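Visitor: I have never looked at this one before. Could you walk me through how to read it, one feature after another?

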Amino acid sequence: MRIPFHLPTASLCATVLLLLLAPASEGCGPGRGYGKRRLPKKLIPLAYKHFSPNVAEKTLGASGRPEGKITRISERFKELTPNYNTDIIFKDEEDTGADRLMTQRCKDKLNSLAISVMNMWPGVKLRVTEGWDEDGHHSDDSLHYEGRAVDITTSDRDRNKYAMLARLAVEAGFDWVYYESKAHIHCSVKSEHSVAAKTGGCFPGDAQVILSSGVTKLMRDLHPGDRVLASSTSDGLGPLIYSPVSSFLDYQPNVTKTFWSIGTSTGLNITLTAAHLIFVTDCAGGPSEPTTGEAADDALLGKAGPRTVFASEVRPGQCVLTSQGKAGSRASLSVVTFVEEHGSTGLYAPLTHHGSIVVNGVLASCYAAVDDHHLAHWVLTPLRFFYSLMGPSEPQTHGLHWYPRLLQRLGKTLLGAGHFHPWGTETGHR
């Protein structure tokens, strides 16, 4: 007897298939991945006097600004934790245990690196020559004073290994690695406060969107069913339309976090979390070119179309897609003039039918944590389809939506950290 293939069964099969193939999800969108193991990555040693990433240590794209010295009598001393990993040798020339003290993030990255060192060179251990500094041996703004920096070598002190040691430190997740000296490698991490600030929603409550009625509405007042300005195409270059908000992927009205503010040459500034995706392009004509009109946009765009990157990767001189709030028109290119960090209240991640949204006049993706907007949009198809059938839904609870949370858990099991935002996936939504 032939068994009818009912819709619930089809939906279940489709869901299982999606979960098996789905990229990992964090917060405003799914993670990146294709359901298979990537080929081993070829490691290239870091050159002497080079650093990774290729920005200054105390900038947003690296370990961030100093937050002040930590002493044994300061309130922040409790932020430091001792590292008793037996696979790491601590020089501890002061004989105070200071080199073992560090932030939890630094400890996690150091422990990960210790494993990589033993795998790369059997019988060799990681060695820490400098950790937390309480004696004033470094420059006034050194991250050693906050337990956020370490100087490392190998236990055999073979300097021929140090270039590869630096590369292993990059792969272990340190936020900044510098082949500083022939005698050691310098590594540092973001502060615990900065990392915590990356968790939580995508846009602050005071961000503005444009409704189909033409009026401006604050993000905190936005509701599922509202139609907001968005792009009609996944690359952001199509005509702007009004796309319905299906639901919220994250909804935390009372949380205060740190956001990235990206300013443009046209005076339009967008505020969003570090791991949120935004459409950018490398301006072909450079920052001095005009930034309005389709001809000017084509000149700026060159041959490469827009791509999505994490907000933390946006740099002055690049271009973002902006709008003056008119449906039917094309988004224009505006040059990024600054990227700043500041606090704000409310964490909101609206999901639109088209997967994008114009916030404060700047076009952004609805997704975060991984760098593939197209794949993220595909994996959220079942959720958008569900809401198209059942109607838009108000957030059931404050926090992360169950669907991306499910994908997140599965992704962490099946996929490696390389699929996620480089600042890690320690907690919730990015």
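**Reading the model**

Guide: Let's start in a loop: proline 53 sits between strand 1 and strand 2 (81–82). Helices (H or I, at least four residues) and strands (E, at least two) are DSSP runs, numbered from the N terminus. The peptide bond leading from serine 52 into proline 53 is cis, with omega near 0°.

Visitor: Before we go on, what am I looking at?

Guide: This is a predicted model, where local features need pLDDT of at least 70, side-chain atom pairs count only at pLDDT 80 or more, and totals for chains, interfaces and linings use all residues. Residues are numbered from 1 along each chain as its sequence is written, and side-chain values use heavy atoms, with hydrogens and water left out.

Visitor: How many helices and strands are there in the chain?

Guide: You'll find 8 helices and 20 strands. Of the 430 residues in the chain, 52% are buried. Buried means under 20% relative accessible area, exposed over 50%, and partly exposed in between (1.4 Å probe, protein chains only).

Visitor: How do I describe two packed helices?

Guide: You give the angle between their axes and the distance between the axes. Here, helix 2 (residues 104–120) packs on helix 3 (residues 162–172) at about 135°, with the axes 9 Å apart. Axes are lines fitted to C-alpha atoms, for helices over the stretch in contact, and angles run from 0 to 180 degrees between N-to-C directions. That angle makes helix 2 oblique to helix 3; under 35 degrees counts as roughly parallel, over 145 as roughly antiparallel, 65 to 115 as roughly perpendicular and the rest as oblique.

Visitor: Which residues meet there, in helix 2 and in helix 3?

Guide: Contact means heavy atoms within 4.5 Å. Helix 2 brings Lys109, Ser112, Leu113, Ser116, Val117 and Met120, and helix 3 answers with Met164, Leu165, Leu168, Ala169 and Ala172. Sorted by kind, the residues of this contact are 8 nonpolar, 2 polar and 1 charged. Ala, Val, Leu, Ile, Met, Phe, Trp, Tyr, Cys and Pro count as nonpolar, Asp, Glu, Lys and Arg as charged, and the others, Gly among them, as polar.

Visitor: Why is helix 3 said to be largely enclosed by the rest of the structure?

Guide: Because 10 of its 11 residues are buried. The buried residues of helix 3 pack against helix 2 and several strands, including strand 5 (126–130) and strand 6 (149–154). Just after helix 3, glycine 173 takes a positive phi of about 105°.

Visitor: Is aspartate 140 buried or exposed?

Guide: Exposed: the relative accessible area of aspartate 140 is 67%. Aspartate 140 lies in the loop between strand 5 and strand 6. Not counting residues up to four places away in sequence, aspartate 140 touches Lys69 and Tyr145.

Visitor: And what does threonine 308 contact, leaving aside its neighbours within four places in sequence?

Guide: Its contacts are Leu277, Ile278, Phe279, Asp371 and His373. Threonine 308 is part of strand 15 (residues 307–310) and is buried, at a relative accessible area of 13%.
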